[in-house]
Amino acid sequence: MPAPIRLRELIRTIRTARTQAEEREMIQKECAAIRSSFREEDNTYRCRNVAKLLYMHMLGYPAHFGQLECLKLIASQKFTDKRIGYLGAMLLLDERQDVHLLMTNCIKNDLNHSTQYVQGVALCTLGCMGSAEMCRDLAGEVEKLLKTSNSYLRKKAALCAVHVIRKVPELMEMFLPATKNLLNEKNHGVLHTSVVLLTEMCERSPDMLAHFRKLVPQLVRILKNLIMSGYSPEHDVSGISDPFLQVRILRLLRILGKGDDDSSEAMNDILAQVATNTETSKNVGNAILYETVLTIMDIKSESGLRVLAINILGRFLLNNDKNIRYVALTSLLKTVQTDHNAVQRHRSTIVDCLKDLDVSIKRRAMELSFALVNGNNVRGMMKELLHFLDMCDPEFKADCASGIFLAAEKYAPSKRWHIDTIMKVLTTAGSYVRDDSVPNLIQLITNSVEMHSYTVQRLYKAVLDDISQQPLVQVASWCMGEYGDLLVSGQCEEEEPIHVTEDEVLDVLEGVLVSNLSSPITRGYALTAIMKLSTRFSSVNRIKRVVSIYGSSIDVELQQRAVEYNALFKKYDHMRSALLERMPIMEKTTTNGPTEILHTNGEAEPSVRDSKHPPNIPQPSSQANDLLDLLGGNDVVPVIQTELPTKPASSGGELLDLLGDLSLSGVPAPAAPISVSQPTFLLDGISSQPLFNDVAGAIPPMTAYNKNGLKIDFTFERSNSNPNVSVITIHASNLTEVDMADFVFQAAVPKTFQLQLLSPSSNVVPGLNKGTVTQVIKVLNPQKQQLRMRIKLTYTHKGSSVQDLAEVNNFPTQSWQ
Amino acid sequence: MLSSYEPEFRVVFVSVSQSGYMIAQTQLAMYGCSVPQMRFLLLFSRQGKLRLQKWFTPLPERERRKIVRDMTMMVLARSPRCCSVIHWRDLKIVYKRYASLYFCSALEDPDNELLALEVMHRYVELLDKYFGNVCELDIIFNFEKAYFILDEFLLGGEVQETSKLLVVKSTEESDLLQETMEEYMRKPAF
């Protein structure tokens with residue numbers, strides 16, 4: 001049997017293949033040769049064959065038949081074999097398969113080998129892909145090597161220990177004695193890996209953290225020496241000595257200094273020194289500065305230092321390097337809550353970043369801009385953001401539009417400005433506006449009584465130009481239906497009134513009805529609007545004609561409506577004017593500011609509504625959007641970043657429910673025998689589910705936390721839009737005499753769940769049980785696992801700040817099944 | 001004593017600001033979370049051919065292949081005007097092009113992207129020192145050596161040696177330890 005071809009020979013041959021088919025043929029031939037060689041248990045060429053197999057594996061071909069061969073190579077005495085064998089193990093073996101456990105004994109032997117490079121390669125493999133069982137078996141060996149004086153092995157052992165701790169956290173304690181003198185090393189490699197090991201331990205256990213706090217002075221000294229030391233060629237990067245070590249030390253200092261006054265004070269000077277002296281012309285200096293800024297912001301640093309940090313971020317924003325601008329925006333987003341004023345100073349630079357060419361930068365700049373909008377700068381900011389909305393890529397438009405609506409709602413200086421802003425959004429990005437914006441806008445318009453004529457006039461003009469943007473057309477149709485009489489009468493205070501006849505209005509609405517561009521929902525709006533005009537306009541015959549035509553429409557929804565309206569004309573004409581009356585003002589049941597997400601249905605009778613249903617029922621239809629975000633529908637947004645409309649939704653629900661809303665609110669409908677059947681809800685894209693949850697009563701509430709006078713109860717509802725989502729409302733009450741202020745509730749759930757927290761009702765829990773703070777949590781539980789939660793409570797009580805962590809395990813089974 | 005730890009808790013504290021605008025903050029909690037880790041490092045050519053793949057967390061083969069495909073597509077589609085950071089799932093992808101090779105690493109969210117660029121740059125420098133004016137062909141024909149160097153530089157996703165000299169020195173000394181053909185043939189296997 002001729003010797004198998006050499007690795008490089010094979011690579012050269014494969015690269016000559018001109019087509020994929022040719023390559024595949026060569027590979028198959030070689031694999032066959034390798035397979036037979038393996039079958040013959042050929043020790044001599046096993047190494048060469050496995051190496052070739054690894055190459056073919058990288059090209060994308062299967063190589064699982066080489067797994068056992070790797071194990072044989074690892075067991076070999078020849079270093080060449082071991083090297084390839086371990087490499088193969090790292091590439092081909094998977095901790096999911098039991099076969100990897102066969103390595104354990106070999107690794108154990110190799111960890112005790114006389115040659116450090118054999119020990120090294122074993123440590124490397126263990127630290128890269130060791131499974132939990134392997135780590136348990138071999139932790140003792142690693143710990144031994146952590147104490148050796150050989151710095152080559154010590155540094156590898158340290159990182160191997162990090163891996164062991166990640167896989168089997170209970171073993172962390174056994175490495176504690178070995179960490180004693182780690183920082184006394186001069187060798188940078190050992191120092192670096194030791195700092196990583198200490199960081200890992202401190203992150204995982206508060207006791208370790210407390211134990212290692214005493215190392216702060218030593219760490220500060222090491223960092224200082226690094227900065228002050230002269231040029232060291234082997235560690236230098238563009239004039240900076242060992243930036244990797246500097247950054248790791250800064251990170252460890254951050255963890256040790258967090259929440260601790262003394263430690264934070266001890267590191268103040270060195271942080272200031274690094275912040276001011278680091279060379280910023282190259283990426284490496286900026287990497288260190290970035291880490292420094294993160295540390296300053298996280299620990300209890302003095303205000304001067306914090307301002308310095310934010311100014312550094314501000315300077316980053318002006319840097320030519322895109323990456324640096326990007327990290328600056330990301331960091332500013334994190335700090336904008338705590339240091340709002342300082343970040344405001346950089347507002348104009350941030351707004352300029354909206355014009356950047358890079359997608360990631362634009363998105364960050366947009367998020368940050370929204371966070372910076374306040375009552376003072378709203379006009380200017382909105383101008384910029386509206387311009388951005390116009391120019392940006394479609395992927396941003398939905399979020400930008402929602403953000404603008406939110407900000408406009410909160411900070412609108414005048415109603416007219418508010419409506420103008422909404423109009424601009426609808427005309428610029430009308431097709432990207434979220435579905436739930438339409439009912440919100442309709443409610444807003446309804447409530448701005450004095451602006452009705454102005455609004456309808458502007459909307460009318462907008463749809464004259466363009467009926468392709470559905471949300472715009474829907475809102476416009478609705479308004480024309482409601483306020484058509486104002487439009488025709490030509491009364492408008494805000495603007496030059498235009499001359500519109502009834503026929504022209506009906507032309508537009510009929511145009512919407514017949515147009516190919518209109519969606520079924522929009523057509524529904526238009527038809528209803530036309531119907532409403534029958535009581536406001538005099539050309540009733542024309543309306544009757546339109547309605548009767550659609551009585552035989554193919555679209556079932558339109559047909560049903562038309563038939564019902566027809567019936568209104570024929571048999572119930574006496575009721576028509578009462579039924580098609582102007583919509584009443586919808587009371588908002590929430591306030592601006594830290595609002596509850598209160599979505600109420602028809603507010604025809606707000607008082608009846610409130611007494612009938614508890615205030616915190618979340619809105620399923622907008623949940624549908626939020627859930628999509630929860631499920632990671634948006635790649636660019638990390639973690640959970642959902643827009644929460646803080647206004648209550650759905651006057652749109654009423655749209656369909658001209659007749660039905662009265663029945664929903666409990667007031668008997670004026671003998672309306674016309675069936676407004678439930679299915680009509682489904683075809684109205686605004687609220688696709690009944691808005692109330694009958695299941696609310698089915699899941700018993702529970703007490704999650706009761707300590708020091710603070711009691712937190714959980715009540716449960718099931719979301720109608722998604723059976724995997726549980727909606728939990730927390731009710732925090734305070735039985736002590738003194739109020740609990742700055743109350744913040746935070747929650748964490750296991751990895752298989754996802755969590756969304758909505759705004760709390762307030763952040764003061766009044767004493768003596770005089771009131772409760774409520775907050776809604778939505779938990780997505782696709783795997784239907786037992787729900788567990790860790791909660792963190794912070795508040796100030798009697799002058800001192802209290803913080804507590806607790807686990808909640810006593811969830812009733814119905815809440816997660 | 002040490003408090004109990006449950007590895008499967010992924011701690012994401014979400015807080016709502018006073019203005020109602022929700023900012024998601026992934027904070028490393030006191031329990032449960034480890035230091036942000038590099039998840040993988042990939043090298044691929046401008047035509048999308050994989051030249052090196054280093055995985056620091058266990059993943060099934062199919063998943064790995066899919067990720068490689070996704071990364072290649074995503075990175076190759078970026079224009080040169082873009083910044084080097086892409087958000088993908090819950091990770092940050094940091095990439096940089098060196099001649100005809102793209103170096104692409106995946107970091108967990110709180111990690112320092114600028115430092116990741118330095119790590120990749122250092123790896124390129126090490127390759128350069130070892131091979132002498134390294135080019136893509138060197139890595140194609142000597143891929144196992146590229147891995148050996150990487151394994152002297154990174155371990156479990158973390159930098160193990162910050163000295164430029166020592167990494168190359170260890171690799172070269174290990175090379176010397178490799179038996180000559182004669183020795184290899186003569187030496188018993190087990």
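Visitor: What share of the 817 residues of chain A count as buried?
Guide: This is a predicted model, in which local features need pLDDT of at least 70 and side-chain atom pairs count only at pLDDT 80 or more, while totals for chains, interfaces and linings use all residues, and side-chain values use heavy atoms, with hydrogens and water left out. Residues are numbered from 1 along each chain as its sequence is written, whereas chains are lettered from A and ligands numbered from 1 in the order in which they are written. A residue is called buried under 20% relative accessible area, exposed over 50% and partly exposed in between, with a 1.4 Å probe and protein chains only. On that basis, the buried share of chain A is 60%.

Visitor: How many helices and strands are there in chain A?
Guide: Helices (H or I, at least four residues) and strands (E, at least two) are taken as DSSP runs and numbered from the N terminus. Counted in this way, chain A holds 36 helices and ten strands.

Visitor: Where is A:Ser37 placed, and which residues is A:Ser37 in contact with beyond its neighbours within four places in sequence?
Guide: A:Ser37 belongs to helix α2 (residues 20-39) of chain A, and its relative accessibility is 5%, so A:Ser37 counts as buried. Taking contact to mean heavy atoms within 4.5 Å, and setting aside neighbours within four places in sequence, the partners of A:Ser37 are A:Asp42 and A:Asn49.

Visitor: What is the N to O distance in the salt bridge of A:Arg582 and A:Asp485?
Guide: A:Arg582 counts as partly exposed at 32% relative accessibility, and A:Asp485 likewise counts as partly exposed, at 26%. Their side chains meet in a salt bridge whose N to O distance is 3.3 Å.

Visitor: How many of the eleven residues of helix α4 of chain B are buried?
Guide: Helix α4 of chain B spans residues 143-153 and is mostly covered.

Visitor: Which residue does B:Lys54 form a salt bridge with?
Guide: The closest N and O atoms of this pair are 2.9 Å apart, and B:Lys54, at 4% relative accessibility, counts as buried. B:Lys54 lies in strand β4 (residues 50-55) of chain B, and the pair links distant parts of the chain, 97 residues apart, with the partner in helix α4 of chain B. That partner, which counts as buried at 9% relative accessibility, is B:Asp151.

Visitor: How much area do chain B and chain A bury between them?
Guide: In chain B, 105 residues are in contact with 126 residues of chain A. Buried area is the accessible area (1.4 Å probe) that two parts lose on being put together, summed over both. For chain B and chain A, 56% of that area is on carbon and sulfur atoms, and the whole comes to about 10900 Å².

Visitor: How many salt bridges does the rule find across the interface of chain B and chain A, and which helix gives the largest share of the side of chain B?
Guide: The rule finds nine salt bridges across this interface, including that of A:Asp358 and B:Arg78, whose closest N and O atoms are 4.0 Å apart. On the side of chain B that touches chain A, the largest share, nine residues, comes from residues 164-177 of chain B, which form helix α5.
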